[in-house]
Amino acid sequence: MSDHLPKNNIFKVIGASSLGTLIEWYDFYIFGSLAVIIGHQLFPEDAGASALINTLAIFAAGFIVRPFGALVFGRLGDLIGRKYTFLLTLVLMGGSTFFIGLIPSYKSIGYAAPILVLVLRLIQGLALGGEYGGAATYVAEHAPKNKRGFFTSWIQTTATLGLFLSLGIIVITKNILGAETFGNWGWRIPFLLSIVLVVVSIYIRMKMHESPLFSKLKAEGNISKNPLKESFNNKANFKMVLLALFGATMGQGVVWYTGQFYAQSFLENTCKLDFNDSRYILLWGIAFATPFFVVFGAWSDRVGRKWIMLSGMLLGILFYRPIYQVFLDDTDYTKIEQADILAVTPARATAVLMENLTDSLRTVSTKVSLKNGASFNRVQTDTVSATRGILLGKEIIKDKVLPTPVFWKFVGLIFFQILLVTMVYGPIAAFLVELFPTKIRYTSMSLPYHIGNGVFGGLVPFIATLIASFSGATPLSGLWYPIGVAALSLVIGAIYLSNKRDEKIND
Amino acid sequence: MNTLKKFLGLVWMVLGPLTMTFLFIQAIDKVGLTHTDIERTNTILQWAIILFIFLPISLGLMIFGFYAWKGEYDHLPESSEEL
């Protein structure tokens, strides 16, 4: 049935599905891209590193509930159809993103602020859990059997393009408003903008038709009565769900989130790169690497999905530590010689009253420009106490701007990491679709996908940052989490997975 | 290959509880290292999230290992009809 769909129709299907999925990813990722700023808004000003870790925990909460969204909306998708289910997920996602943009700060409503954001973040996670499986299933069920990898890979580009869009809108908004205004209220604009994007996407999706395979099953009266029970009470299905999780999506998830999220978090928080520099590096890396989703998706139609995905995991295991060591070495400005300095601008001091209303935090910032084009700020935050005098803080170097050659070297290293993402992620939708029969596909494929990506992958920034904060840990210690998970998945995938493609998915 | 799949099943079955034990020990250790109340609350919250998530996953890994040990993965379905 699907083989006879005209070519222009399949591209309409891909376009309509991809646009909505892209917007959902955009909504989901703005939060991660603004973690540092949101941390300042949601928690007390003297919370320090715990504000970032708690913000990352709220960010991660959205990922953790994704498997539950996959179950709830997957069940709906297998019962009432693909089209109406992912219309619903789109509305939930857009609405909760919009409301995050309206939440008052900690200063106004105290701890109600992070709690409200957590609730909205959970709704976002549930909606995304329902969205992806539907979109991938919808496209795969329209695609000809010898081009399933190629066509579904377009859906795969949306996650990365959603991140690209979120970073782009954040950088543009910040450049227009200026850093201070953006930090005060401008960060809300990317969230509020989501409502416009969602309305456009709903309009397009309303015009879509139901999947032909699902319509056929429905017409024949063969749709599942209880897809959850059929997926997980049936041992044959459940063992494939476990295999898909441990042999593929778990490793794929950590490679995905290391390359695109932990990399940005590491450049910004560990290497202390300038806000714009860290985002521009990622934007260029994404722009160069995104076409490879389609390249690897199409290639998997010819050589099979398994070894392309596992090669991406292997390369990640081998190269993550050397890559991140280069990031650290090239941003180490502590050994700058006096002869390298071009200019030092006079110190600028600001003071913020602490919660106890007697002490204040005094921040002194000096900008240093180097002859090679690099620059950075020397920042020292002292506590000025009414009773204990001045407690001097440690000087830190932040807001580092890289010299041009090093900037492009970093773009190359991010590009390589995202290339690995395209290897593991490009073929995975086709791989999962082929693993499960039509009547329980939405439910069964969504669960391992969202545990692998949402839980294992989504927790990479949180767990890696947590590990790196342990006493005795090095800045690279956090990488053991994605490396360990990818290694386990590589071994299980290599030994247990089959490289054969199931050409007949319309059963 | 099927023998390897079967015996690795034992490894996965053991790896599940081992991972959980390791995480529990780490959680107790890190909570014990905290100095202030707010630091303790944050650390407990962080580790509670980790344990809550990885407990069912470890259980899943044990079941996966059990299936592998029983030879359930010796032959994978080559079409959806075999599921």
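In this predicted model, Arg388 of chain A counts as exposed because it has 9 C-beta neighbours inside 10 Å, and a residue is classed as exposed at 12 or fewer. Arg388(A) sits in the loop that joins strand 4 (375–385) to strand 5 (389–391) of chain A. Its C-alpha atom is separated by 62 Å from that of Ala494(A), a residue 106 positions away along the chain.

The domain assignment divides chain A into two parts. Domain 1 is made of two segments, 2–331 and 403–496, while domain 2 covers 338–401. The C-alpha centres of these two domains of chain A are 37 Å apart. Where they touch, domain 1 of chain A contributes 11 residues and domain 2 of chain A contributes 12 residues.

Two residues of chain A have a positive phi without being glycine. One of them is Lys272(A), with a phi of about 60 degrees. This lysine is found in the loop between helix 13 and helix 14 of chain A. Lys272(A) is classed as partly exposed because 18 C-beta neighbours lie inside 10 Å, a count between the limits of 12 for exposed and 20 for buried residues. Asp399(A) also has a positive phi, of about 50 degrees, and is not a glycine.

Helix 17 of chain A runs over residues 404–425 and contains 22 residues. From the first C-alpha to the last, helix 17 of chain A reaches 31 Å, close to the 32 Å expected at 1.5 Å a residue. The buried residues of this helix include Phe410(A), Leu413(A), Ile414(A), Phe415(A), Gln417(A) and Ile418(A). Also buried is the run from Leu420(A) through Val421(A), Thr422(A), Met423(A) and Val424(A) to Tyr425(A). The buried residues of helix 17 pack against several other helices of chain A, namely helix 8 (148–177), helix 13 (235–270), helix 14 (275–289), helix 15 (291–303), helix 16 (306–330) and helix 18 (428–435).

Chain B contains 2 helices and 0 strands. An unreviewed UniProt entry lists residues 7–28 and 48–69 of chain B under "transmembrane region". In the model, residues 7–28 of chain B are 100% helix and 0% strand, with 33 Å between the end C-alpha atoms. Residues 48–69 of chain B are likewise 100% helix and 0% strand, and their end C-alpha atoms lie 31 Å apart.

The C-alpha trace of chain B spans about 55 × 25 × 15 Å along its principal axes. The radius of gyration of chain B is 18 Å, whereas a compact globule of 83 residues would have a value near 12 Å. Of the 83 residues in chain B, 18% count as buried. Among the contacts in chain B with a separation of 6 or more, 78% are between residues 24 or more positions apart.

Technical notes
Residues are numbered from 1 along each chain as its sequence is written. Chains are lettered from A and ligands numbered from 1 in the order in which they are written. This is a predicted model: local features need pLDDT of at least 70, side-chain atom pairs count only at pLDDT 80 or more; totals for chains, interfaces and linings use all residues. Domain bounds come from an automatic or database domain assignment. Two residues are in contact if their C-beta atoms, placed from the backbone, lie within 7 Å. UniProt positions are given in the numbering used here, feature names are shortened, and annotations may be inferred rather than shown by experiment. Helices (H or I, at least four residues) and strands (E, at least two) are DSSP runs, numbered from the N terminus. The expected span of a helix is 1.5 Å times one less than its number of residues. The radius of gyration is taken over C-alpha atoms; the globule rule is 2.2 Å times the number of residues to the power 0.38.
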